[in-house]
Amino acid sequence: MSIISSKNFKLLANPLNLENPVTVQILGICSALAVTTKLKPAIVMGLSVIVVTAFSNLVISAMRNSIPPRIRIIVQLVVVASMVILVDQLLRAFVYDVSKQLSVYVGLIITNCIIMGRLEAFAMNNKPWPSFFDGIGNGIGYAVILIVVGLIREIFGAGAILGYQVVPQSFYDAGYINNGMMIMPTMALVLVGVIIWIQRSFNKELIEKE
Amino acid sequence: MKNFSNTYIFTFSIIMVVIVALLLSLAAMQLKPFQDKNIEIEKKQNILASIRIKSTVKDAVDLYAKYITDSYVLNNKGEKQEGIDAFTVELKNELSKPAAKRMLPVYVGTLDDQTNAYVVPLRGKGLWGPIWGYISLQPDMNTVYGTVFDHQGETPGLGAEISTEWFQKPFIGKTLFKDSTQFVSIKVLKGGAKKEDPHAVDAISGGTITSKSLEAMLDSCLIQYKPYFIQTRHN
């Protein structure tokens, strides 16, 4: 038996496109707007969410038969919150500059709807191993959108990728200026909208019937 | 769906909370030395930056030992206080005390040409959260040698620009006193400051509130050092 069965592979791959948490389920939009002004925080935020979704799915799924349904949301919150605090502490200890940039948004992973959504929809009814993959898959689905939006915003908003100037000085001398709109959260929403549009034009089954 | 008794629910929650608390406090204790080290390095880098010495995370501690040759704590009359390590004084805590009880740190940097620069920490409120920084003065205790500002969460591209070089550079060479005794601080002017104005720099367009907060921070923090500046200059 291989480690990743075809069923588990589907759990990993589906959230990338047809079940993407951001563009199809419209979850986690709030943080997608906030941390995507530059590429680096977007990448770190993506990684942190992958870790938190994967491990909270794993833990909740392992506990699922002993969690009293009446307090299940509280239990989920406690697990997610402690994961997030752990991630925050680790970032602060080992990648201090990034943790400074993300500041409050790491804490806000707790309120990221993707995590609670996956816990309720998947981890509470499935075995730990598939839940773990479901968590990773959804985390990656979220991270991919963040990275695309972050890349576009940094190129047009600051003329750089990961802090390295890519728009040559001669452009600026010729009168090109960085688009200040790109730095505003509004443009992140517009970009997510454009991504949804492109995705739907390739996947007709995502379009709602009249 | 299974039915759980109230006793079970209570026991479950209590055990869960205790386990989580243990895990988190263990992690916090294990990681604390690393985090403190990071904060210390950042502070050293900031102080070095204010005397225009560029440092990296790796060489900050060595450079700090090389360039910062003295540090001491003052009271609000400008008298030196013995027995307190200036580096451990947190301005955040000091500003919440009454003015007479505050400990005001000064760091003395000795530059490559053997002249001194006097570094004073700053802290204030920005638009969304705290802003802080360091300003260094030439031995006349009047002319700005260098500045560094940072912030917690000012608007990227607008208020957050206070931490960039183009905003900080114009402070160099500005003066704090008019006619040698009148403290005027440095104004951050919307619409641009005149180049020859010795007490003003350009504000950030779109970052008006942060610019004004920074001006207030300079004024309120530096005026506490006024007695010290005047005494030391006359010595």
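What share of the 210 residues in chain A is buried? Buried residues make up 38% of chain A. A residue counts as buried if 20 or more other C-beta atoms lie within 10 Å of its own, as exposed if 12 or fewer do, and as partly exposed in between, with C-beta atoms placed from the backbone. The model is predicted; local features need pLDDT of at least 70, side-chain atom pairs count only at pLDDT 80 or more, and totals for chains, interfaces and linings use all residues. Residues are numbered from 1 along each chain as its sequence is written, while chains are lettered from A and ligands numbered from 1 in the order in which they are written.

Chain A contains ten helices and two strands. Helices (H or I, at least four residues) and strands (E, at least two) are DSSP runs, numbered from the N terminus. Along the sequence the pattern is α-α-α-α-α-α-α-α-β-β-α-α. The C-alpha trace of chain A spans about 65 × 50 × 35 Å along its principal axes. Of the contacts in chain A with a separation of 6 or more, 77% join residues 24 or more positions apart. Two residues are in contact if their C-beta atoms, placed from the backbone, lie within 7 Å.

Two helix pairs of chain A were examined. Helix H3 (residues 39–63) packs against helix H7 (residues 113–121) at about 30°, with the axes 10 Å apart. Axes are lines fitted to C-alpha atoms, for helices over the stretch in contact, and angles run from 0 to 180 degrees between N-to-C directions. H3(A) and H7(A) are therefore roughly parallel (an angle under 35 degrees). Their crossing is right-handed, a term used if the near helix is turned clockwise from the far one by less than a right angle. From H3(A), A:Val52, A:Thr53, A:Ser56, A:Asn57 and A:Ile60 meet A:Ile114, A:Ile115, A:Arg118 and A:Leu119 of H7(A). This contact has five nonpolar, three polar and one charged residues. Ala, Val, Leu, Ile, Met, Phe, Trp, Tyr, Cys and Pro count as nonpolar, Asp, Glu, Lys and Arg as charged, and the others, Gly among them, as polar.

Helix H1 (residues 6–13) of chain A packs against helix H8 (residues 128–158) of chain A, again at about 30°, with axes 7 Å apart. H1(A) passes H8(A) in a right-handed crossing. H1(A) contributes A:Asn8, A:Leu11, A:Leu12 and A:Ala13, and H8(A) contributes A:Pro130, A:Phe133, A:Asp134, A:Ile136 and A:Gly137. Six of these residues are nonpolar, two polar and one charged.

Chain B has six helices and ten strands. Its C-alpha trace spans about 80 × 45 × 35 Å along its principal axes. The radius of gyration of chain B is 22 Å, whereas a compact globule of 235 residues would have one near 18 Å. Of those 235 residues, 30% are buried.

B:Gln114 is exposed, with 6 other C-beta atoms within 10 Å.

The contact between the chains takes 20 residues from chain A and 21 residues from chain B. The chain B side divides into 14 nonpolar, six polar and one charged.

Methods. The radius of gyration is taken over C-alpha atoms; the globule rule is 2.2 Å times the number of residues to the power 0.38. Angles under 35 degrees count as roughly parallel, over 145 as roughly antiparallel, 65 to 115 as roughly perpendicular and the rest as oblique.
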